[in-house]
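Biologist: Could you walk me through reading a few features of this model? I'd like the general idea and then the case at hand.

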Amino acid sequence: MNQKSHGYGISNIRRLPVILGTAWLMTLAACGSGAGVESLDGFVAPEPPTASMSNVQEQWTEAEFDQWVAGSAELAGLRDQLAGQGFDQYVTSGRLEDEDGVRLDFGTYRNKEGEQRAVVQHCASGDCVGAVAGLSGESMTWTDGAGGPLTLRTVAIPYLVRQTLKQDPEEGTFLATPLVQGAVVDPSGIDLGRRRLVVAHQFGDAFGVQGSSLAGDLASSNLFTEVVSDDYLTWPALETYLSSSYPHEVLVVASQSLRQLYRDSEDASDRWHRTLGIEVQNGLYGFDWVSAQSLRNALKKAPLSGPGVVLLMGAESLGDETDGMINNHESMYTHMTFPGKVVAGFLHQARPELLQAASREFLDRLGNGQTSGEARERANFLLKSWGSEARLAFTPESDEEFRLAPARENFWGDRVPKTGVINPFIILRPWCVQGSGKETALDEREGNPWVSDLVLDGPVFRGSRDHEVDLSVTLHMEMLGVLGEIRKGAHFFFVFQGGLKKEFPELTLYGNARITDVIEKPDSTTIRFDGTGEVLPFENSDGESCTFKYMLLEPLIGGTGKYSELTLEY
């Protein structure tokens, strides 16, 4: 099966380039540990990690792949073998080549059931081998033409940012999902007794990496009931992690960022870029683009706001700080802004091993009880010490004082509440469509869906109430929420389902509450809050289809002396 390289060349390969800043690489090569920085609170950075990296990542057309296969009877035979097994739908193809001269060419096909196999040729120092690649769980497997097992050969992980020069990002790239929000996840389907740390990686063992290594000391802490490592990350899996998690969970996404040259200029200082999204695995060695809008929509599907920490481990995963990234409606920096959670990513570029080391340091510091801001400072100290211009940053409105909550059984410490009452004052602006199709903007409405006798299970609270509006109408309401830190400026999240008013008998409200004050008494803790929220489309009592233009949680109802409050009773 081994063969010498035939040097099959393709003259018209289309490249979606990886970005290697020459000046930056020269600076990094000249710098070692402690470059320009001695210590941070007595901590001295270790020597920077080193690893090989793929600096060629090409995406081919089907015709280009056909041209490549035509030069080898062996590879053509492997492809014919796959076609005979039903793998005859072309998916993607391309080439990876790393700094050590290792090259891997591949072409991937799908069968009717959606399973994928790839014809690959791996060459190292002139020694080439052809194989059929497939995924078995989280591991890549290779077989020969007779179906016998072959030893998997690796190629280094590529640089973690790709660039498109297209003004229309969908030209020459693949969009993994349409830009629609979709249905919100049913909160009853989320296991709030579970607490996951998820490390999802675009690559895997075929690239010499394992996502589980990113979790570091955080994985061995007692904070999580489940640690999930998902290599060869696909969009359906990532969408599920984003939309079916809740604020005590942590999601790490290690993947390439997709950067666009937004405005070109001969003057480099006036050249703008924006990060449009990330890449996920498709075609075993290939990729799909997921837009920032799609990532945002997946998080908005989460009824309790999704994971409390989302770490995007890609170069320029938030951008490069040019003016083009600020307030741009397509960019990651803008779309991934969620008040009350921590959305972290990188500004500027660094090699994959440096981003991984900085990410692990950030996670380890969070696991040791430091705030998100303190953990970020430690990660950035490492990057600066190693001579890298990259740094970890948060999207606007991320919580700089966020701390990971204790394990569920230790959440309340020695002072465990027995019950409670939530009393939110909500301002809504309905917008309804009458049977004739006419849209009508109604006046603001106030609601007060209070629920007492809350049942608390660690940080989770829930309760229900029946409200008799008149002799003929009784409204049922249910409340489900989850607390994090109880401090001014922290957030908690809740879902309200049921009748808010007679004219709105069936509503689903999602509240993002920002704590404005905490009042401690011997027998109670009162949490005052304001905030925002969203309401699912609904039908009013007249049968009209309605939405709400906005939803606000009022901190104080003017003139009444009443606050939006959650009171815990001991």
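Biologist: Which handedness does the link of Cys-123 and Cys-128 have?

Modeller: A disulfide is a covalent bond between the sulfur atoms of two cysteines. Here the Cys-123 and Cys-128 link is right-handed, with 115° about the S-S bond. Their sulfur atoms sit 2.0 Å apart, and a disulfide is called when a pair of cysteine sulfur atoms is within 2.5 Å. Searching the whole structure finds one disulfide.

Modeller: One caution: this is a predicted model, where local features need pLDDT of at least 70, side-chain atom pairs count only at pLDDT 80 or more, and totals for chains, interfaces and linings use all residues. Residues are numbered from 1 along each chain as its sequence is written, and side-chain values use heavy atoms, leaving out hydrogens and water.

Biologist: Are Cys-123 and Cys-128 buried or exposed?

Modeller: Buried means under 20% relative accessible area, exposed over 50%, and partly exposed in between (1.4 Å probe, protein chains only). Both Cys-123 and Cys-128 are buried.

Biologist: Why does Thr-526 count as buried?

Modeller: Because its relative accessible area is 10%. Thr-526 belongs to strand S28, residues 524-535; strands are DSSP runs (E, at least two residues), numbered from the N terminus.

Biologist: Which residue's side chain has a polar contact with that of Thr-526?

Modeller: A polar contact is a pair of N or O atoms within 3.5 Å; within protein, one must be able to donate a hydrogen and the other to accept it, and residues adjacent in sequence count only if both atoms are side-chain atoms. The partner is Thr-567, at 3.4 Å. Thr-526 and Thr-567 are 41 residues apart along the chain, yet their C-alpha atoms are separated by 4.3 Å.

Conventions. Helices (H or I, at least four residues) and strands (E, at least two) are DSSP runs, numbered from the N terminus.
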